[in-house]
Amino acid sequence: MNNYWNSENKDLLGLLINESATSRTITELTSKFDNIHDLILGSTAEELATVYGFGPKRIGQIYAVRELAKRIYEVSTERPYKISSPSDVYALMANSLKFEMVEHFKILILDTKNNIRSIEHISTGSLNSSIVHPREVFKVCVKKSASSIILVHNHPSGECEPSHEDIVLTNRLDECGKILGIRILDHIIIGNSYFSFKEENLI
């Protein structure tokens, strides 16, 4: 990471929780977390609760900043957002998913012109796996009357090459989609860059 505990970051953290940069609370936070990225984006409520002076209000402040950081980089879909290539999916989803410390599986539901109608969260997994059942994916698709979708999930490690499980799941969902008449246009794995099943002729 490029964010270290320099004096500026300590001062900003102090302003956030109304503490001196040299206070015991700030000292414990900067000792417990390697950098500001780990604190804001990777800390758990349980970890924060062990820091001197940290109760529900200050934990809530950290979580609010985390959510704001994600939303700043989200691409608005209030206006039509057309998907023309895997890079369009990456541009849309990467900045929010790359902050996540566990895997998240989402689907993009498209209209007949490949504009996004909605982005649906399907499941949240662990550090290196997500649990996805076709029933959960296609229940949403049927409810939304989807004709085509794009699968998206992140790899918290930053590596975007698909695992054996990713390939098996994609094939399984593709087969289910064909039965239901719902096209799976692509499966994008987001890490430090992206992997497209369509570009690699795996779907």
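Glu175, at 47% relative accessibility, counts as partly exposed, a class that lies between buried (under 20% relative accessible area) and exposed (over 50%), with a 1.4 Å probe and protein chains only. The model is predicted, so local features need pLDDT of at least 70 and side-chain atom pairs count only at pLDDT 80 or more, while totals for chains, interfaces and linings use all residues. Residues are numbered from 1 along each chain as its sequence is written, and side-chain values use heavy atoms, with hydrogens and water left out.

The side chain of Glu175 meets that of Lys178 in a salt bridge at 3.9 Å, N to O, the term standing for a side-chain nitrogen of Lys or Arg within 4 Å of a carboxyl oxygen of Asp or Glu. Both residues lie in helix H8 (residues 164-180), 3 residues apart, about one turn of the helix; helices (H or I, at least four residues) and strands (E, at least two) are DSSP runs, numbered from the N terminus. Lys178 is exposed, with a relative accessible area of 55%.

A second pair, Arg24 and Glu28, forms a salt bridge at 3.0 Å, N to O, and sits within helix H2 (residues 24-32) at a spacing of 4 residues. Here Arg24 is exposed at 51%, whereas Glu28 is partly exposed at 24%.

Glu120 and Lys144 also form a salt bridge, with their closest N and O atoms 3.5 Å apart. Because Glu120 lies in strand S2 (residues 116-124) and Lys144 in the loop between helix H7 (134-143) and strand S3 (148-154), the pair ties together parts that are 24 residues apart in sequence. Glu120 is buried at 17%.
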